[in-house]
Amino acid sequence: MTMRITDLLSPNGIQLRAAPADKSAAIDLLADLQERAGNITDKTAYKKEIWAREELDSTAVENGVAVPHARCAAVKRAGLAAMTVPAGVDYGAEDGEPSTLFFMIAAPEGGGEVHMEMLSHLMVMLMDEEFCQKLLDAEKAEDFLALIDAQERVKFPEEVPVEEKKPDGSLRVLAITACPTGIAHTYMAAEALEKKGRELNIGVKAETQGSGGAKNILTREEIAACDGIIIAADKNVDLARFDGKPLLRVPVSDGINKPQELIEKIVSGQAPVYHYQGGGAAEEDAGTESLGRRLYKHLMNGVSHMLPFVIGGGIIMALSFLLDGGAAGTSAFGSSWVLPAFFNKAGSIAFGFMVPILAAFIAQSIADRPGLMVGFVGGSLAASGATFAYFADPTVPIVPAGFLGGLLAGFVGGWFMKMLRKLCDKLPQSLEGLKPILIYPVTGLLFIGAFMCLVNPVVGMINSALIDALNSMGGTSAILLGALVAGMQAADMGGPINKAAYVFGTASIAMAEGGFSPVMAAVMAGGMVPPIAIALATVFFKNRFTAAERKSGPVNFIMGLSFITEGAIPFAASDPLHVIPSCMVGSAVAGALSMAFGCASPAPHGGLFVFPVMHNPLGYAAAILIGSVAGMLMLGLLKKKKV
């Protein structure tokens, strides 16, 4: 026998023309209806589960409809409660519109099929605006029920039994999300994909490859059984385990902004089948990506592996100066006694790996494992400034090629090894074992050694010119540079433009006198302002934001103060034309003031936590505060009021 929505909804569970004051009152009224209909045994426990579901994301959808739901032991039997609110109530809908039509679902534990069946039936029926308006106009509970019964008979005829329409609880779509820093985009993309999968009633599981390692790892059984895989990543991912499966490769931002499109491509069979050819990530089909996109991915693979060395080493070195304030201005500053000396040594060793690690993982991204050693040696030679002239005459001055030399070593070494591997594919099969242990390392080392010794003098001159330019920069030019790099931080909030400014800032630390970089300070200020400006706006311009957005305000304060720009992304994605320009203006103001106040940072990350070790920390705090207020005021001016 087929169960229909009208079997789960009685006149006792319907209230027409209600007028709750807010979301909490609406939930209270609906829970009362569930209790009155005899569907629940413990209203308090049931409401707790309803609120737990709302904390994940609002169950309000478009067209003024909200469908709060919960499955728990407090539910005696599967049932519905319904309520119309002609005046509407703010329930946190993504479109910012008030909700006027409510259906609350109660499902007992173990009754997942009924719960999902009701939800899917309701979603299909409530997409019809005319039908929703008829429900709002209903005069009596009996009329309300009759409208639902008629609509369900049209959409879901009785001859199709519920048992044949049970939703598939298996994982149909798998995903891997990864961004260069592994801090925010990685987890936001995973959440967006899994959330959209729940909305579409399609099982989705996302493995996150973040800064703390891989989490929620996909199993061999899940991969074998799924319809396909989405790779939403801005760095290379090992794809060997997905051989023979439909697979989509997209930027991590697509995972955040286009989850439905990606999921539908997988389940509809539009994704191409991936064929593993050996060599891991380096053997991805380059024909599907532009040259710029491939260069960006290789660079970000190097940057993502470099960051722990730069951040850890930079902050530890900064602490050595903080602990050794008594020796400031002397040659022993930072190491005049045992504790700061230990901090300085440990930090400088870690920081010294910046260029070799950058080059190594750029080369590894291009040529896989054979490129790793070649890139590391090339980066080390760039940092040392080794040249053939020096070997002939040790009195010749050495000029390190630095960060630019590391970039060159990584890309040239990687491309050389990739070409060498293709040439070696023509060798007899009997020599296969010699490639990784003899041919690749020896040939690669000789090539990169000779190449870097030849180009180091030229790159070193360029590097020296950049260092001189940065160190001599002052006045208007420094302020304009600060505004530029800080504004870039807010342009795409973790995307390529943001990362370009950040990489320039980290490189400037190695170039700066004494390791204190004004450019890095401006970059960090620009990255801190967007979340703080948005958080301030949710407090002082509440009517420009939905209830759900206002609730995330305190979180953005914390993310902004921690230099995690990505906290602003959900706001920028929902209203880019108003949010992004406002944040860019605020960031540019902060960056310009940071330069004007003479602020400089020895650490490439840390936000509020590294203020004590910066030059002019009070001026820096003032620059960030003024920039955040400027961004907040512009948001208040540009954003429209929410109804």
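Tutor: The protein has 24 helices and 10 strands, and these belong to a predicted model in which 52% of the 643 residues count as buried. Among contacts between residues at least 6 apart in sequence, 73% join residues that are at least 24 apart.

The part to look at closely is the meeting of helix 6, which covers residues 185–199, with helix 9, which covers residues 259–267. Their axes come within 9 Å and cross at roughly 65°; because angles from 65 to 115 degrees count as roughly perpendicular, helix 6 and helix 9 are described as roughly perpendicular to each other. The crossing in which helix 6 passes helix 9 is right-handed. On the side of helix 6, the residues that take part are Ala-192, Leu-193, Lys-196 and Gly-197, and in helix 9 they meet Pro-259, Gln-260, Leu-262 and Ile-263.

As for confidence, the protein averages a pLDDT of 82, with 88% of the residues scoring at least 70. Over residues 159–168, however, the pLDDT is below 50, although this stretch has 13 contacts in the model beyond near neighbours in sequence. Residues 279–287 also have a pLDDT below 50, and for this stretch the model shows 24 contacts beyond near neighbours in sequence. Where pLDDT is low, the predicted coordinates should not be read in detail.

Note on methods. Residues are numbered from 1 along each chain as its sequence is written. This is a predicted model: local features need pLDDT of at least 70, side-chain atom pairs count only at pLDDT 80 or more; totals for chains, interfaces and linings use all residues. Side-chain values use heavy atoms; hydrogens and water are left out. pLDDT is the predictor's confidence in each residue, from 0 to 100. Contact means heavy atoms within 4.5 Å. Axes are lines fitted to C-alpha atoms, for helices over the stretch in contact, and angles run from 0 to 180 degrees between N-to-C directions. Helices (H or I, at least four residues) and strands (E, at least two) are DSSP runs, numbered from the N terminus. Angles under 35 degrees count as roughly parallel, over 145 as roughly antiparallel, 65 to 115 as roughly perpendicular and the rest as oblique. A crossing is left-handed if the near helix is turned anticlockwise from the far one by less than a right angle, and right-handed if clockwise. Buried means under 20% relative accessible area, exposed over 50%, partly exposed in between (1.4 Å probe, protein chains only).
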